Amino acid sequence: MGMSVTISAADAQDAEHILKLQYLCYQREAEIYQDWSIEPLTQSLDALRAELTEGKAFVARLGDEIVASVRGRLDEDGTVRIAKLIVHPRLQRHGLGGRLLDAIEGHYAEDPAPAAKRFQLFTGHRSEGNLRLYRSKGYAQVATHEVGPRLTLVTLEKAA
């Protein structure tokens, strides 16, 4: 019998494991855009720890191993900025990304003060799997931003 994946809030002790997983997961994005200097691949452990204290993060565990993660932070204007949704390559396309999106959205939707008005995230224009997932979860494109000759960021949003 196989183990089931559990989703829970991340804590400070998870930071190093999340950073290692992030580095692994963003290799594919770096390859797509031919850019290994993207922020998820250069982020320091201290910067990740700061993100964990400034917002909320969830992890998915298979046994003791962290196999997926997501972070979110509520802005003053009521926008929950969701970032760095990552799933271990061997477990992608099994619904973990959607479950993590549900967890982070649920956390902010249930927290009455201050109220979340919208959820927003972004991905690269060639990241078809990401775009497909986000659209299937009700996100719609609201903006694009050309970062360089190979990368345009697509911002997606949905009401809370």
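1. Strand E4 (79-87) is the top contributor to the lining of the second largest pocket, giving four residues. Strands here are DSSP runs of at least two residues and helices (H or I) of at least four, numbered from the N terminus. Bear in mind that this is a predicted model, where local features need pLDDT of at least 70 and side-chain atom pairs pLDDT 80 or more, while totals for linings use all residues. Residues are numbered from 1 along each chain, and side-chain values use heavy atoms, without hydrogens or water.

2. That second pocket is lined by 13 residues, with Glu51, Arg73, Arg81, Ile82 and Ala83 nearest its centre. A pocket is an open set of points on a 1 Å grid over the protein atoms alone where a 1.4 Å probe fits, with protein on both sides within 12 Å along at least five of seven lines; lining residues have an atom within 4 Å of a point.

3. The largest pocket has 39 lining residues, and Glu29, Leu85, Thr123, Asn130 and Tyr134 sit nearest its centre. Elements giving two or more residues to this lining include helix H1 (15-33) and helix H5 (128-136).

4. Ile82 turns up again in the largest nonpolar core: of its 25 residues, Ile82 and Tyr139 touch the most other members. Such a core is a set of buried (under 20% relative accessible area, 1.4 Å probe, protein chains only) Ala, Val, Leu, Ile, Met, Phe, Trp, Tyr and Cys residues joined through side-chain atoms within 4.5 Å. H4 gives the largest share, six residues.

Notes
Buried means under 20% relative accessible area, exposed over 50%, partly exposed in between (1.4 Å probe, protein chains only).
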